[in-house]
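Visitor: I have a structure open and I'm new to this. Could you show me how to read it, one feature at a time?

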Amino acid sequence: MIDKTPQAAAVGFPTLRSVYAAQKAIRGLMVRTPLVPSPAFSRIGLDVRFKLEIIQPMGAFKIRGAANAIAKLTAEEARRGVVCASTGNHGRAVSLAASAAGVAATVCMSHLVPANKVSAIRDLGATVVISGMSQDDAQREADRLTDEGELVQIPPFDHPEVIAGQGTIALEILEDFPEVDTILVPLSGGGLISGIALAAKSADPSIRIIGIGTEKCPAMRASIAAGLPIKIAEDESLADSLGGGIGLDNRFTFELTRRFVDETISVSELQIAHAMRALFAREGWVCEGAGAVGVIPLMEPGLATMGSRIAVVLTGRNIDMDTFMRICA
Ligand SMILES: *Cc1c(COP(=O)(O)O)cnc(C)c1O
């Protein structure tokens, strides 16, 4: 049997202690978000509450991990500046957190990235480097700037301080809802769920942690099934923030997810659309696809094994209005 105690993690891995340190480090850079009851998704005997990461600056929880990784730079690293290759929520979070800390940020992207995304990152004060025709090309450029330009790379999920930053969500959930028995967490590269599972299981190993990913790119689920990080074919999804692999050289999130996460499921495009529509229609929350998937197990009985005191992390709200209105129509 796999040892499920958090202490089983190896040296270099984030710990509960690093999650508490992150909580201190990022105060003032992020919002301590409310955990609001959801009357529409609750009933007698089922207490459902939403962790509103949709109200974070830049509209997603990623500010927590980015701010913590930047706060933990040495003075010398901070002088060199940081780099990442994300045009999405991670890129925005790194740009904002770096500018707040007075650290130079470079964000690499390909020529295919639309102009509005490029200017959104520039407006946050980051330097944009455009290179190649794919996300892989942009990542290679970020790696080159790390090796040759001596910038410090802030990866989107597979980094101990990023994981510890995301784990602060669990500390807040436990503070606000000590009776919680299940946490529903959107899952892609696994930085979010690793941090949450690490912190929640340290408090009480019986709290169930369930990861919800997209069928279009179930990289973590497939890797766990295979017993090692694998690359899988990837398709576009309404939950664009859940795209991308976990990295064949994954160091932290594969191991942490495998150890501490009780169950992972993959959901369809139709289920994602229904979840977004239900969150808006029933309670007025605007979530991007990735932000909404946590409620799917509540809408589809039997999809996952859950308790009755449930926290759902609504992770992000960054979706263009045309797409959102089309889904809600
Ligand atoms: C990044 C992201 C996720 C997934 O987080 P991982 O740490 O990659 O598993 C989920 N939702 C939103 C909105 C995100 O930006």
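Predicted model: local features only at pLDDT ≥ 70, side-chain atom pairs only at ≥ 80, totals over all residues.

Visitor: Which residues of α4 are buried?

Guide: Here you need a cut-off: buried means under 20% relative accessible area, and exposed means over 50%. In α4 the buried residues are Asn89, His90, Gly91, Arg92, Ala93, Val94, Ser95, Ala97 and Ala98. Their cover includes helices α2 and α5 (115-123), along with strands β3 (82-84) and β4 (105-109).

Visitor: And how many residues of α7 are buried?

Guide: In α7, 13 of the 17 residues are buried, so this helix is mostly covered. Take Gln166, which lies in α7. Its relative accessible area is 2%, so Gln166 counts as buried. To see what surrounds Gln166, look for contacts beyond four places away in sequence: Phe61, Lys62, Arg64, Gly65, Pro156, Gly191, Leu192 and Ile196.

Visitor: Is Glu236 buried or exposed?

Guide: Glu236 is exposed, because its relative accessible area is 74%. You will find this residue in the loop between α9 (219-226) and α10 (253-260). Glu236 and Glu288 are 52 residues apart along the chain, and their C-alpha atoms are separated by 14 Å.

Visitor: Let's turn to the ligand. Which residues come nearest to it?

Guide: Start with the list of neighbours, then look at individual atoms. There are 16 residues around the ligand, and Lys62, Asn89, Gly190, Leu192 and Thr315 come nearest. Two of these names have come up already: Lys62 touches Gln166, and Asn89 is one of the buried residues of α4. Sorted by class, the shell has six nonpolar, eight polar and two charged residues.

Visitor: Which atoms of Lys62, Ser188 and Gly190 lie by oxygen atoms of the ligand?

Guide: For Lys62, an N or O atom in the side chain is 2.7 Å from a ligand oxygen. Ser188 uses a polar backbone atom, 2.9 Å from an oxygen of the ligand. Gly190 also brings a backbone N or O atom, and the distance there is 2.8 Å. Taken alone, the ligand exposes 380 Å², and the protein buries 97% of that.

Visitor: Last topic: where can I find a positive phi?

Guide: Check the backbone angle, then note the residue type and its place in the chain. Met58 has a phi near 75 degrees, a positive value in a residue other than glycine. Met58 sits in the loop between β2 (47-52) and α2 (62-71), and is partly exposed at 23% relative accessibility. Glu150, not a glycine either, has a phi of about 65 degrees. Its loop runs between α6 (135-147) and β6 (152-153), and its relative accessible area of 49% makes Glu150 partly exposed. For a glycine, look just after α4, where Gly102 takes a positive phi of about 70 degrees.

How values were computed: Residues numbered from 1 in each chain as written. Heavy atoms only, no water. Buried < 20%, exposed > 50% of the residue type's maximum accessible area, 1.4 Å probe, protein only. Helix = DSSP H or I, 4+ residues; strand = E, 2+ residues; numbered from the N terminus. Near = heavy atom within 4 Å. Polar contact = N/O pair within 3.5 Å; in protein donor to acceptor, adjacent residues only side chain to side chain. Areas by Shrake-Rupley, 256 points an atom, 1.4 Å probe, with all protein chains shown as cover. Nonpolar A, V, L, I, M, F, W, Y, C, P; charged D, E, K, R; others polar. Contact = heavy atoms within 4.5 Å.
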